[in-house]
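Here is a short report on one chain. It starts with a single helix and its cover, then moves to the cores, a sheet and the chain as a whole.

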Amino acid sequence: MTPDPANPDPGPGAAPGEPLVVRTTGSPRGRGRQYGAAARERIQLSLESYERMYAHFAALRWDAATALAETFVPVVEAFNADYLEEMAGIAEGAGAEFPDVLALNLRTEILFSARARAESLGGTEPPPGPHGPPAPSECTAFADLRGPEPIVGQNWDWLPFAHDTVVILQSEPTNGPRWVSVVEAGLLAKFGMNSAGLTVLTNALVTSEDRGSPGLPYHLLLRALLESDSLAAAEETIRTARRSSSANYLIAAAGDGDGNTSGEGDGAIDIEARPGGPDDVTRHPVAPGTFLVHTNHFTEPVPANDYGPAVFSDTHDRYRRATALAERMPYPSVAAWQEVLRDHEGLPDAICCHPDPDAPHELDRSSTVASAIVEPERRTLHLALGRPCTTRRVTYPYRDFFKGRG
């Protein structure tokens, strides 16, 4: 199946569990209203689910979570006030309040960073540390530059409720590149690609420096990267943003879609970042003829405690397994990487993650929610919305959607 991104099917109104493709155009407020209205039921489900998650993982009541979120408004406004306008539009379209949508977009800061602040902000019990309730599983990402064209992608693992909240968001802003993101309903962005030839992939990271201090939230920085018009601009955004959370950003650059390269040098870069500014990032170029795998821990020592292996206990196993499978790959291809992303060694905490039936609480179970493989030069997204071992991968060609908007 190869859907036409200009005429998605099924479109707005798709039931939970079915693909929902939302296309927005125009001003930030207008795009937000369109998004909120089209994904209204899924956004409401996101709000209900995160209210339970914030209480379980961060010991925060919802009113405390929204209060924490509002302390980030001045930083977001200084970085790009359009993001606040868009979130206000999402709230209007979805029948929610602005602080609710803002709190959704700070889910990383609240779940991972804000644990240390939970008690003083109305926590229901002492906030757990890195060895408290296990966090949901997270992502396995890769960039492969061994073939004639780059192939990049990732599995996104999260709680099973996200199977019913995921949205394919296509945006045509008034200015800047068009972009597509696979995202939880109500969030401004997650991983995706844009008409300037950039693909943005990501992994959550956690360190002792992640303490919920106001800064640019993780998912809003992902949005800024999708709006970047070059690899250099994306890297500069990461370096200069006042980041609130640790994260890994794997960014691949492509040519103009007609076989012409951008001339920027590196075809892909991987940037491990901690809260802070330019001195708190480490750059890893992905050289032609090589590949890179990244999961949820830092690959080089950092001047902070890396909580990734404690918070995401399977991160080293997934990293070693994906790397080993890639090394044994006869030839890099979409099909070969699909097999890597389907791998079950170590179940339930495998590259293809399944809910653990023995987990003590439903919120302690994780699942691969989406599995993406991108061919940047072809502007093509191969997407399985669900666990890739059983979900059919659908191809979305975005060359025409991106045409003329670099």
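## Helix H8 and its cover

The buried residues of H8 are covered by, among others, helix H4 (73-94), helix H7 (218-226), and strands S7 (198-204), S8 (247-253), S9 (268-273) and S10 (281-286). The model is predicted.

Which residues of H8 are buried? In this helix, residues 231-240, they are Leu 231, Ala 234, Glu 235, Thr 237 and Ile 238. Their arc around the axis is only 155°, which means that they sit on the same side of H8. An α-helix has 3.6 residues a turn, so residues three or four places apart point the same way.

## Ile 238

Ile 238 belongs to helix H8. Its relative accessibility is 0%, so Ile 238 counts as buried; the cut-off for buried is under 20%.

What does Ile 238 touch beyond its neighbours within four places in sequence? The contacts are Leu 225, Arg 243, Tyr 249, Ile 251, Ile 271, Ala 273 and Val 281. Take Tyr 249: it lies 11 residues from Ile 238 along the chain, and the two C-alpha atoms are 8.6 Å apart.

## Nonpolar cores

Together with Trp 158, Tyr 249 has the most contacts inside the largest nonpolar core, which holds 104 residues. Another core lies apart from it, with 14 residues, including Ile 151, Trp 337, Val 340 and Leu 341. In soluble globular proteins, nonpolar side chains tend to be buried together.

## An open sheet

An open sheet is built from 6 strands, ordered S11-S2-S3-S12-S13-S14, with antiparallel pairing. Its edges are strand S11 (291-294) and strand S14 (394-397); each has a single partner strand, so one side of each lacks a neighbour in the sheet. From one strand to the next, the twist averages 15°.

S11 pairs with strand S2 (residues 140-144) in the antiparallel sense, over 4 bridges. Phe 142 has Val 293 in S11 as its bridge partner. Helix H10 (residues 315-327) packs on the sheet and touches both S2 and S11. The direction of H10 makes about 160° with that of S11.

## The whole chain

The chain contains 12 helices and 14 strands. It has 406 residues, and 59% of them count as buried. Among contacts with a separation of 6 or more, 68% come from residues 24 or more positions apart.

Terms used. Residues are numbered from 1 along each chain as its sequence is written. This is a predicted model: local features need pLDDT of at least 70, side-chain atom pairs count only at pLDDT 80 or more; totals for chains, interfaces and linings use all residues. Side-chain values use heavy atoms; hydrogens and water are left out. Buried means under 20% relative accessible area, exposed over 50%, partly exposed in between (1.4 Å probe, protein chains only). Helices (H or I, at least four residues) and strands (E, at least two) are DSSP runs, numbered from the N terminus. The arc is that of the directions from the helix axis to the C-beta atoms. Contact means heavy atoms within 4.5 Å. A nonpolar core is a set of buried Ala, Val, Leu, Ile, Met, Phe, Trp, Tyr and Cys residues joined through side-chain atoms within 4.5 Å. Two strands pair if DSSP finds at least two bridges between them. Axes are lines fitted to C-alpha atoms, for helices over the stretch in contact, and angles run from 0 to 180 degrees between N-to-C directions.
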